[in-house]
Structures are given as C-alpha cells and as structure tokens.
Amino acid sequence: MSTAERIWTAALLVIGDEILSGRTQDKNVAQVATWLNVQGIRLAEVRVVGDREEAIVEAVNALRARNDYLFTTGGIGPTHDDITVDAVAAALGVGVVIHPEARAILERYYETRGGLNEARLRMARVPDGAELIPNRMSGAPGIRCGNVFLMAGVPSITAGMLDALTGTLEGGLPVLSETIGSWVAESEIADLLRQTESAHEGCAIGSYPFFREGRVGANFVVRAVDPAVLSACAEALLTGLRAMGREAVPGGI
C-alpha cells in the first residue's frame with residue numbers, strides 16, 4: 001500500500017469540566033476534523049474528559065496507541081486547573097520542564113502587558129523533550145510530544161495552531177464527498193445503499209435521515225479518496241433511486 005493509499009488516523013481528546021457541564025459548547029471537533037481531512041488524515045474518534053489527571057492519562061495512552069496522531073484541546077492555560085501538560089507528561093513517563101523558547105516568547109509577549117508572573121510562566125511548562133507549536137494570537141505556544149499535540153481550548157487560538165501545523169504532518173489523500181438527497185425513509189432503500197457501496201470498492205455511503213415539512217427524507221453522503229470512484233458510486237446511487245421511482249437530488253436536500 002502506498003503512502004497515499006494508506007489511511008492515516010487521528011484522535012481528538014477534548015479536556016475540561018466546562019465542556020462536560022455544558023457551560024461551554026465545544027467548537028473544536030468540527031474544525032479539527034475539517035483541517036485533518038485536508039491533511040489527508042481522518043478523525044477516527046473523539047473523547048471528552050474532565051480536569052482529572054488520571055482520566056487524561058488513561059485517555060492519552062489509549063488514543064495515541066491506536067492512532068497515528070492524537071490532538072488535545074484545553075487545559076494548557078495559566079490556572080491551577082490547567083493540568084494537561086502534567087497529565088501528558090505522566091502518560092509519556094517524562095518530567096515537566098520550563099521550555100526556554102516558550103519562556104522567551106512569553107517574556108516578549110507580556111513585556112507591555114504587566115510582565116511575566118508565576119501564573120503566566122505556567123504556560124511555558126512542557127513535557128520534557130517537547131517541541132513548540134507557534135501561537136500568533138496570544139503568545140502561549142502549543143506543544144508537540146512525538147505524535148501528541150497539545151492545543152488551546154479557545155477555538156480561534158486552536159485554529160491558529162492548526163494553521164501553523166499545516167503541511168507538517170504525514171498523511172494520505174483527503175477524503176472527497178458527494179451528497180444526494182431523497183424524500184424517502186432510509187429503511188426503504190437500505191438494500192440499495194448496501195449493494196451500491198459493495199459494488200464500488202473504496203467508497204462508503206452514510207445515511208442521515210431527517211423529518212421536514214411533515215415528510216421523512218434522508219441525505220446520503222458518498223465518500224472516497226478517488227474522484228473517479230466517488231463519481232461512479234454517486235451516479236450509481238442516483239440511478240438506483242430514480243429506478244425505484246424515488247426523487248434524487250444531487251447536493252442534498
């Protein structure tokens with residue numbers, strides 16, 4: 001299997017009691033998934049844990065072991081409950097150190113903002129041996145430890161860190177998709193979906209039902225990395241739906 005054909009996967013670990021309590025609505029899953037796809041990497045799983053070191057350690061070790069990459073969001077700020085660095089260091093079996101470059105970045109950033117105090121210096125702490133991920137927005141860098149990437153929880157800062165990583169990770173081909181909508185109950189065409197997918201190796205068809213205007217319908221998303229295979233599968237599904245007397249709407253409903 002070539003590098004392009006290989007499926008590269010990543011996991012996302014969302015950290016924070018505020019996410020689990022509902023006080024903060026996570027917005028990072030969608031943007032991380034979208035960014036990963038452009039890099040040719042599929043987001044395979046997402047887990048949310050609170051600010052408990054043992055929970056973070058367990059999740060980090062499980063997720064990094066079965067994926068090519070692990071991204072975390074949240075818990076790398078200046079307060080006492082920002083424990084992601086300590087937890088990841090424990091998971092990796094290394095100590096926590098002040099990264100000299102991170103300290104210098106923070107000293108420059110806070111020079112006209114009240115100076116670098118003890119709380120702000122916490123944002124220069126990294127697992128021993130880590131590299132930095134640039135943060136052009138708020139100074140405090142993200143952290144890379146092998147295949148584990150620690151990023152901020154604030155979506156706009158996360159976006160900047162992802163931008164800094166663009167093109168630096170090994171991946172395969174991005175997943176392409178086409179959507180077809182139909183006013184039909186998915187159970188009525190389950191066999192068509194299964195047969196169409198089976199006949200087009202390398203394609204996957206996802207079914208997403210809805211209820212609108214007093215009617216049942218569904219959007220079917222065809223995914224593949226090969227544009228020719230994708231087009232053939234989507235066309236076969238369109239033809240199959242119409243052959244059954246069902247409306248088929250390219251682009252979805």
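User: Which residues does V49 touch, not counting residues up to four places away in sequence?

Analyst: This is a predicted model, in which local features need pLDDT of at least 70 and side-chain atom pairs count only at pLDDT 80 or more, while totals for chains, interfaces and linings use all residues. Residues are numbered from 1 along each chain as its sequence is written, and side-chain values use heavy atoms, with hydrogens and water left out. With contact defined as heavy atoms within 4.5 Å, V49 touches L13, V14, I15, G16, L20, A55, I56 and A59.

User: What makes a set of residues a nonpolar core, and which residues have the most contacts inside the largest one?

Analyst: The term denotes buried Ala, Val, Leu, Ile, Met, Phe, Trp, Tyr and Cys residues joined through side-chain atoms within 4.5 Å. The largest such core has 30 residues, and L13, V49, I56, V60, L70, I143 and L150 have the most contacts inside it. Helix α3 gives the largest share, six residues. Apart from this core lies another of 21 residues, including Y69 and I133.

User: Why is C145 called buried?

Analyst: Buried means under 20% relative accessible area, exposed over 50%, and partly exposed in between (1.4 Å probe, protein chains only). C145 has 11%, and is therefore buried. C203, at 9%, is therefore buried as well.

User: Why are β2 and β6 described as standing at the edges of their sheet?

Analyst: Helices (H or I, at least four residues) and strands (E, at least two) are DSSP runs, numbered from the N terminus. Two strands pair if DSSP finds at least two bridges between them. The open sheet has six strands in the order β2-β1-β3-β8-β7-β6, with mixed pairing. β2 (41-49) and β6 (131-133) each have a single partner strand, so one side of each is left without a neighbour in the sheet.
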